[in-house]
Amino acid sequence: MPTPPNPVTRASRRRFCALSAGAALGWSPAARAAAFAAQPQAGTATRPDVAAIDHDRILAAAERYLTLEPEPITLLLCPRSPGTANEYYSEREATTGAKSVAFVAHRDALFSLGLAVPALAAAYALTGDSRYANHAGLHLRAWFVTPKTRMKPSMDLAQAPPAAAKTTVADAAEAHTESAVVSGSYQGILEALPLVEIAQALPFLTPLEETDRAAVRAWFAEYYHWLTDRRDSGPRLAALARDSRNHHATSWLLQASACAYLAAPTGDVGRSEDNALGSLRHLFKSTMLRAQISPDGYFPHEITSQTPYRDSLFNLDMLAAVCQLLSTRLESVWDYQLDEGPSMRAAVAYYFPFIADRGRWPYRADSSHFGELPSRRVSLLFAARAYQRPEYAGLWKTLQPDPPSPEVQRTLPIHQPLLWVRQPPAI
């Protein structure tokens, strides 16, 4: 008796044929994207149909963001910043009970951008409606293309220490005279994490002019060089983050991987795809696993913080996203394991029961927002696909995708998993 056709394979074959026919007929990128969006998406126990699960959530968010006007950092000036209007600047918030006067407007604007552009790109991937892509383009041009408003691709002034920040406008002149000594902190690189999903969204925005798309890719290539260039004298904030052995190091690796992944097809990172992504893959296998994951699978450098549960799940999600970006058909870093035991497989298995039941968490509870956790962890979705574990996908579907607190939202590195499990349309 012949084996019945697999519905996933059959759907994929129909999608391939439709797109191939569209290319042969000379369809525009927008038309090919619309045809792609219309194709059925089959789900399985380990590869759930993210498009169907997140359909209403994506479109609701995208409709809200259609009314959001671009707010580049040049519109948000801080008199205490020693940099230009195009330079990202933020101040470290006080950890005491005193009311913080720290400047965080750039951080919040970048976080908002990191929610808006991926949501609009996901909505375009679902519907083929160019309104979503075009509005995302307005934001991208304002932040990464237009010279007057374009953000400088660096985080040199992120999370400036409180001692370097003057608290009144009257102190602004003094702050500028100290520009030679005022600098950010390596922890500030974490505030650039929204760039990762913006990079992931760009290939889906096919209606945008190629000149704009190329300019955005060039911006990310410059930022990649800032993250990885070792030629500057003095302490490098990026290098300090990379070597920190906790979620700050993972954030560095995820951002570098996203930049290299986006730029590699055009060679914009200044080296071949194999060299750029390959060096990051080597770093993950040779350094990150050993520095961050115990043989049992937990993160020893996260459980000592004030928010050990949140930081551990945050780190797990970022490492999972790194695995998605660095794995290839020939080499899956998901499966890499050091001789002494540390691996991503062990980490996901260790944290799975604590995501399923927060009450089983064996360490101290977080000092804040513990009740909002775990929230929906993308590590479960990605690991379900990588390891063929239906229980991971099943739990992922039950968790809340959009927690109310911005503090918790900022520790969800991926807000639109559709952009990570679906291939963008060919251009």
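**Surface, ring pairs and helix packing in a predicted model**

The protein chain exposes about 18,300 Å², and carbon and sulfur atoms supply 54% of it; accessible areas here come from the Shrake-Rupley method with a 1.4 Å probe, and for residues only the protein chains shown count as cover. The model is predicted, so to speak with its own ground rules: local features need pLDDT of at least 70, side-chain atom pairs count only at pLDDT 80 or more, and totals for chains, interfaces and linings use all residues. Residues are numbered from 1 along each chain as its sequence is written, and side-chain values use heavy atoms, with hydrogens and water left out.

On the inside, buried residues (under 20% relative accessible area, with exposed meaning over 50% and partly exposed in between, 1.4 Å probe, protein chains only) make up 54% of the 427 residues in the protein chain. The fold has 17 helices and 2 strands, taken as DSSP runs numbered from the N terminus (H or I of at least four residues for helices, E of at least two for strands). With contact meaning heavy atoms within 4.5 Å, residues 24 or more positions apart account for 76% of the contacts with a separation of 6 or more.

Next come the rings. A search of the whole structure turns up 20 aromatic pairs. Rings of Phe, Tyr and Trp (its six-membered ring) pair if their centres lie within 6.5 Å, with planes under 30 degrees apart counted as stacked, over 60 as edge-to-face and the rest as tilted. The Y223 and W226 pair is stacked, because the ring centres sit 5.9 Å apart and the planes are at 10°. Both residues are buried, and being 3 residues apart in helix α8 (residues 210–228), they are separated by about one helical turn. W361 is buried, at a relative accessible area of 7%, while Y363 comes out partly exposed at 26%. Both belong to a cluster linked by ring pairs, which also takes in Y298, F299, Y309, Y350, Y351, F354 and F370.

Helix α14 (residues 378–387) is largely enclosed by the rest of the structure, because 9 of its 10 residues are buried. These are V378, S379, L380, L381, F382, A383, A384, R385 and Y387. They pack against α3 (50–65), α12 (308–326), α13, α15 and α17 (418–421). Just after α14, Q388 takes a positive phi of about 55°.

Two of those partners also meet each other. The axes of α13 (residues 344–356) and α15 (residues 390–398) come within 11 Å and cross at roughly 35°; axes are lines fitted to C-alpha atoms, for helices over the stretch in contact, and angles run from 0 to 180 degrees between N-to-C directions. In this contact, V348, A349, F352, I355 and A356 of α13 meet E391, Y392 and L395 of α15. The residues involved divide into 7 nonpolar, no polar and 1 charged, where Ala, Val, Leu, Ile, Met, Phe, Trp, Tyr, Cys and Pro count as nonpolar, Asp, Glu, Lys and Arg as charged, and the others, Gly among them, as polar.

Finally, P424 lies in the segment after α17 and is partly exposed, with a relative accessible area of 30%. Its C-alpha atom is separated by 8.0 Å from that of A125, 299 residues apart along the chain. Not counting residues up to four places away in sequence, P424 touches P203 and F204.
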